[in-house]
Amino acid sequence: MTAVSLKTRLQSGKALFSIEFFPPKSDTSAEQLLRTAEALKVYSPDFASITYGAGGSTRSRTLKYARHLSEDCGYAVMPHLTCVGHSREELRGIIAEFREAGLGQIMALRGDPPEGETDFKPHPEGLHHANELVGLIHETFPECTIGVAGYPEMHPEASSPDIDLLNLKRKVDAGGHFVTTQLFFDNTKYFEFVNRTSQAKIEVPVLPGLMCVTSREQILRFCAMCRASIPAELNQRLLAAGDDAAAVEAVGIDWVYHQARELLERGAPGIHLYILNREGPAVKIMEKLKAAGFYKA
Ligand code: FAD
């Protein structure tokens with residue numbers, strides 16, 4: 001899919017489906033990524049995004065696997081890019097590399113501090129916030145479709161939800177075409193967020209980001225980092241599943257399926273699955289959604 005068609009697709013009103021990969025470190029995990037990409041092609045994802053590691057640590061791997069997913073698997077790929085550790089000139093160079101590789105969309109992020117550091121420190125010749133990166137992409141690669149991050153439960157560093165929303169508006173006003181949300185498990189958080197974005201005149205699609213729980217410990221860790229809440233009912237069901245990995249995964253799949261159904265029924269522009277490079281849960285969720293009449297093949 002070209003950049004223009006993703007923009008058109010975002011405006012079409014038809015539910016989007018997208019998935020997120022991370023760049024693998026080893027040959028074995030690269031095989032897993034490619035297997036997953038093949039398995040999910042049947043659901044015709046509108047795009048596949050691929051994350052960018054802290055401090056630019058995955059610069060070449062993000063590009064390498066973005067190319068694989070695009071050239072070998074036929075995906076419309078949206079590489080992520082963060083401001084961490086890069087000067088403005090380096091960022092321009094990376095944007096140019098994405099453009100030359102035919103990748104017509106970029107997720108523009110500030111990024112988290114590298115491991116071991118707690119505060120984000122901008123590069124002396126770099127950017128402070130994602131809205132500046134959106135501006136730089138817009139300037140360097142005007143036809144690019146730009147995604148930005150949104151936080152239904154507020155970004156952990158923000159001093160208030162209203163200030164965080166104002167900062168989201170800066171990203172959209174700078175040229176962001178759509179928002180993908182941080183993961184959440186309680187749909188009311190999403191619907192409240194979307195209401196607040198429209199009150200703030202943020203008039204772009206807000207794509208809900210969903211993650212299937214496959215380990216209670218892992219999700220507690222993720223949620224502590226990004227401050228997403230875990231509904232009591234989900235927590236109880238995970239506790240009841242205990243150490244039985246298959247039972248935990250079944251709870252995770254059922255939860256995301258019901259989240260996705262309600263989101264789509266109530267007008268969300270689609271769903272974005274954080275798949276952690278694993279095909280199993282995503283295939284099961286998509287099969288259930290297809291059986292319920294969503295995402296007809
Ligand atoms: P910003 O929009 O810059 O916001 C960061 C903080 O600064 C917020 O508290 C905001 O309210 C405030 N702020 C924003 N703009 C301004 C301004 N102009 N003036 C003052 N304050 C401001 N991380 C990675 O390292 N790699 C990834 O690939 C990656 N992918 C992600 C994908 C999605 C969909 C999401 C939701 C997050 C992703 N992250 C990723 C995590 C993200 O980098 C962190 O959440 C990071 O802390 C903030 O990034 P941001 O782009 O939202 O930053």
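# Exercises on a Predicted Structure

Phe98 is a buried residue, with a relative accessible area of 1%. The structure in which this residue sits is a predicted model, and the exercises below work through several of its parts.

## Exercise 1: Phe98

Solution. 

Step 1. The class "buried" applies under 20% relative accessible area.

## Exercise 2: The shell around the ligand

Solution. 

## Exercise 3: Polar atoms at the ligand

Task: Give the distances from atoms of the ligand to N or O atoms in the side chains of Asp112, Asp164 and Arg170, and state how much of the ligand the protein covers.

Solution. 

Step 1. For Asp112, a side-chain N or O atom is 2.6 Å from an oxygen atom of the ligand.

Step 2. For Asp164, the corresponding distance to an oxygen atom of the ligand is 2.7 Å.

Step 3. For Arg170, the ligand atom is a nitrogen, and it is 3.5 Å from an N or O atom of the side chain.

Step 4. On its own, the ligand has 970 Å² of accessible area, and the protein covers 87% of it.

## Exercise 4: Thr82

Task: Is Thr82 buried or exposed, and which backbone atom does its side chain reach?

Solution. 

Step 1. Thr82 lies in strand 3.

Step 2. Its relative accessibility is 5%, so Thr82 counts as buried.

Step 3. The side chain of Thr82 reaches the backbone nitrogen of Val84, at a distance of 3.5 Å.

## Exercise 5: Enclosed spaces

Solution. 

Step 1. The largest cavity holds about 110 Å³ of space. Among the residues that line it are Leu210, Met211, Cys212, Tyr274, Arg278 and Ile285.

Step 2. Strand 7 (206-211), strand 8 (270-274) and helix 11 (280-291) each supply at least two residues of this lining. Helix 11 has the largest share, three residues.

Step 3. The lining of the largest cavity has ten nonpolar residues, one polar and one charged.

Step 4. The second largest cavity holds about 40 Å³ of space. Its lining is formed by Tyr151, Pro152, Glu153, Met154, Gln182, Leu183, Phe184, Cys226 and Ala228. These divide into seven nonpolar, one polar and one charged.

## Exercise 6: The second largest pocket

Task: State how much space lies in the second largest pocket and which classes of residue line it.

Solution. 

Step 1. About 350 Å³ of space lies in this pocket. It is lined by 18 residues, of which Arg9, Lys14, Ala15, Tyr295 and Lys296 are the closest to its centre.

Step 2. The lining of the second largest pocket comprises eleven nonpolar, three polar and four charged residues.

## Exercise 7: Positive phi values

Task: Locate Lys201 and Arg227, and state whether each is buried or exposed.

Solution. 

Step 1. Most residues other than glycine have a negative phi.

Step 2. Lys201 has a positive phi, near 60 degrees. It is found in the loop between helix 7 (187-199) and strand 7. With 57% relative accessibility, Lys201 counts as exposed.

Step 3. Arg227 also has a positive phi near 60 degrees. It is found in the loop between helix 8 (216-226) and helix 9 (232-241). The class "exposed" applies over 50%. Arg227 has 51% relative accessibility, and therefore it counts as exposed.

Note on methods:
Residues are numbered from 1 along each chain as its sequence is written. This is a predicted model: local features need pLDDT of at least 70, side-chain atom pairs count only at pLDDT 80 or more; totals for chains, interfaces and linings use all residues. Side-chain values use heavy atoms; hydrogens and water are left out. A polar contact is a pair of N or O atoms within 3.5 Å; within protein, one must be able to donate a hydrogen and the other to accept it, and residues adjacent in sequence count only if both atoms are side-chain atoms. Accessible areas come from the Shrake-Rupley method with a 1.4 Å probe; for residues, only the protein chains shown count as cover. On a 1 Å grid over the protein atoms alone, a cavity is a set of points where a 1.4 Å probe fits but cannot get out, and a pocket is an open set with protein on both sides within 12 Å along at least five of seven lines; lining residues have an atom within 4 Å of a point. Grid points are joined across faces, edges and corners, and a volume is the space filled by probe spheres set on the points. Helices (H or I, at least four residues) and strands (E, at least two) are DSSP runs, numbered from the N terminus. Ala, Val, Leu, Ile, Met, Phe, Trp, Tyr, Cys and Pro count as nonpolar, Asp, Glu, Lys and Arg as charged, and the others, Gly among them, as polar. Buried means under 20% relative accessible area, exposed over 50%, partly exposed in between (1.4 Å probe, protein chains only).
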